[in-house]
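Trainee: I am new to this model and would like to learn how to read it. Could you walk me through a few features?

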Amino acid sequence: MMTQFGGRVAMVTGAGSGIGRACAVRLSQEGATILLHGRTASKLTETSTLLPGPFATLPGDLSQPRDNEKVADEVQAHYNHLDILVNSAGIGDLGAADRLEWDDFQRMLDNNLVGLFDLTRRLAPVLRASEHGGSVINISSTLGLTPVAKTLAYSAAKAGVIALTETLAAEWGPHIRVNCVCPGIVNTPMQYRRGRPKEQVREWLAAMAARHPLKRIGGPEDIAAVVAFLASQEASWITGATLVVDGGLTVARQ
């Protein structure tokens, strides 16, 4: 087992599946104590069975300020510090702008941007208490950089995550580094939650893979590897950065 994060505490939101789960597993494999955060306790339990090291589960709804306050209080009470925060939680939905209901737009912002900031700011004191220097890694999306049609709410929220990353990096240095990862098309459960038949999703993923210069769709582990790098001492002079991890699809589209 690699141990570059031995003795460190890492919290991962959205740890019940997909990218969040992969990040939790990777950081655990490298020695960190993992705090699993997510809305569904049973999914966090599933993730915990994959972790080789110590962990705790902190169920909570990121869009609810009271939940965020409770989670932050628990981290402070039990650990006194936090070394790594991976903000991976989020929801996805598609729809044309002229059909977008206000409640749906607000829900996207609350889950992908507002809640992320609320929990992060509440955890700032324990991140500053890290003797290694706190590290925050926000998961955005290539759609936050180069939106496409029918992704208005999601793209707007993810663009906000990038701006939030850059602002916090400027304000919180040198005690907390804040960076951002923009995944492209990644094969996660989110791809299958948009009302399309599973076989249709598989066909779409296969077709999209052919458009990538690297000729494959990304896996959650691809994103987790970059997150682990940004959290490590090898990235100690990196803050305010946005890394695109998309198999080259963005440059292929250009």
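**Contacts, core and rings**

Mentor: Setting aside neighbours within four places in sequence, L123 is in contact (heavy atoms within 4.5 Å) with M11, A72, V75, L82 and L85. This is a predicted model, where local features need pLDDT of at least 70, side-chain atom pairs count only at pLDDT 80 or more, and totals for chains, interfaces and linings use all residues. Residues are numbered from 1 along each chain as its sequence is written, and side-chain values use heavy atoms, leaving out hydrogens and water.

Trainee: Which residues have the most contacts inside the largest nonpolar core?

Mentor: A nonpolar core is a set of buried (under 20% relative accessible area) Ala, Val, Leu, Ile, Met, Phe, Trp, Tyr and Cys residues joined through side-chain atoms within 4.5 Å. Here the largest one has 36 residues, and M11, V75, L82 and L123 have the most contacts inside it. Another core, of 28 residues, lies apart from it and includes V12, V181, V226 and V227.

Trainee: How do I read an aromatic pair?

Mentor: Look at the distance of the ring centres and the angle of the planes. Rings of Phe, Tyr and Trp (its six-membered ring) pair if their centres lie within 6.5 Å; planes under 30 degrees apart are stacked, over 60 edge-to-face, and the rest tilted. This structure holds 1 aromatic pair. The rings of W102 and F105 have centres 6.1 Å apart and planes at 45°, so the pair is tilted.

Trainee: Is W102 buried or exposed?

Mentor: W102 is exposed (over 50%), with a relative accessible area of 59%.

Technical notes:
Buried < 20%, exposed > 50% of the residue type's maximum accessible area, 1.4 Å probe, protein only.
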